[in-house]
Structures are given as C-alpha cells and as structure tokens.
Amino acid sequence: MKNLNVIVYTMKGCPFCVDFKELLVKEGIEFFDRDIDEYKDEYEVYTQITENDMIPALLIIEGDDKKYESFLYAPERNYNELSEAVDIINQHRKKVGII
C-alpha cells in the first residue's frame with residue numbers, strides 16, 4: 001500500500017490558511033503544517049520550483065518503501081478556491097487507496 005503525506009505551507013495571521021486548515025480537519029485529511037516563517041529554507045525551495053509564493057500551498061508526497069513522488073500545488077497556478085485544493089488532495093488519496 002502506498003503512503004501519502006500532505007504538507008501545507010501556511011503563515012500565522014493568514015485568514016486563508018486558517019480556513020484551509022479548518023477545511024482539511026473537517027474533511028478528515030491528515031496534514032503537516034509548515035509555517036513559512038519557521039521553515040524558510042524549505043519554503044524558499046518550494047517557491048523557486050513553483051515560481052509562486054502564495055499560500056496556502058501544497059506539497060504532496062506519495063509512495064511506498066521503495067519509491068516516492070512529490071507533487072507541488074500553488075494557489076492561482078493549480079487552484080483558485082480552497083475547495084479545489086481539497087479536491088486535489090482527495091484525488092491523491094483515491095490514487096493511493098485512502099478513500
């Protein structure tokens with residue numbers, strides 16, 4: 001069975017980030033919260049790769065014990081509404097057999 005890790009880049013005081021995390025909890029989606037002020041280096045790599053510095057942003061890692069794949073999703077590039085980001089996560093959850 002494949003594993004799935006959802007990492008959400010957020011920032012303290014960001015109302016969209018608060019709403020997104022509440023939506024994920026409501027949907028029963030487990031995630032790791034990465035505050036961009038605490039994980040500056042990690043977030044900088046993310047913004048360089050995606051050429052997007054908007055939040056909340058997603059890093060999804062799926063795989064098994066032998067191979068992992070990473071997927072980066074950024075606001076206004078891959079989704080415009082928070083519900084669309086949830087849909088993206090759920091597509092990955094279905095792919096690995098979580099739902």
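Author: A residue is called buried under 20% relative accessible area, exposed over 50%, and partly exposed in between, with a 1.4 Å probe and protein chains only. The model is predicted, so that local features need pLDDT of at least 70 and side-chain atom pairs count only at pLDDT 80 or more, while totals for chains, interfaces and linings use all residues. Residues are numbered from 1 along each chain as its sequence is written, and side-chain values use heavy atoms, leaving out hydrogens and water.

With 34% relative accessibility, glutamate 84 counts as partly exposed, and its place is in helix α3, residues 82–96 (helices are DSSP runs, H or I, of at least four residues, and strands, E, of at least two, numbered from the N terminus). On the surface, Glu84 gathers with Glu27, Glu81 and Asp87 in a patch of negative charge (members have over 30% relative accessible area and no salt bridge, and like charges are joined within 9 Å). Asp and Glu count as negative here, and the place of a charge is taken as CG of Asp or CD of Glu.

Elsewhere, charged side chains are paired, and the structure holds five salt bridges (a side-chain nitrogen of Lys or Arg within 4 Å of a carboxyl oxygen of Asp or Glu). One of them joins lysine 12 to aspartate 35, whose closest N and O atoms are 3.4 Å apart. This pair links distant parts of the chain, since lysine 12 is in the loop between β1 and α1 (15–27) and aspartate 35 is in strand β2 (residues 32–35), 23 residues apart. Lysine 12 counts as exposed because its relative accessibility is 58%, whereas aspartate 35, at 7%, counts as buried.

Lysine 12 also forms a salt bridge with glutamate 38, where the closest N and O atoms are 2.8 Å apart. Because lysine 12 sits in the loop between β1 and α1 and glutamate 38 in the loop between β2 and α2, this pair ties together parts that lie 26 residues apart in sequence. Glutamate 38 is exposed, as its relative accessible area is 55%. Through shared partners, salt bridges join Lys12, Asp35 and Glu38 into one network.

Arginine 34 likewise has a partner, glutamate 42, and the closest N and O atoms of this salt bridge are 3.1 Å apart. Glutamate 42 is partly exposed, because its relative accessible area is 27%.

Definitions and conventions
Patch = residues over 30% accessible without salt bridge, like charges linked within 9 Å, V, L, I, M, F, W, Y side chains within 5 Å. Areas by Shrake-Rupley, 256 points an atom, 1.4 Å probe, with all protein chains shown as cover.
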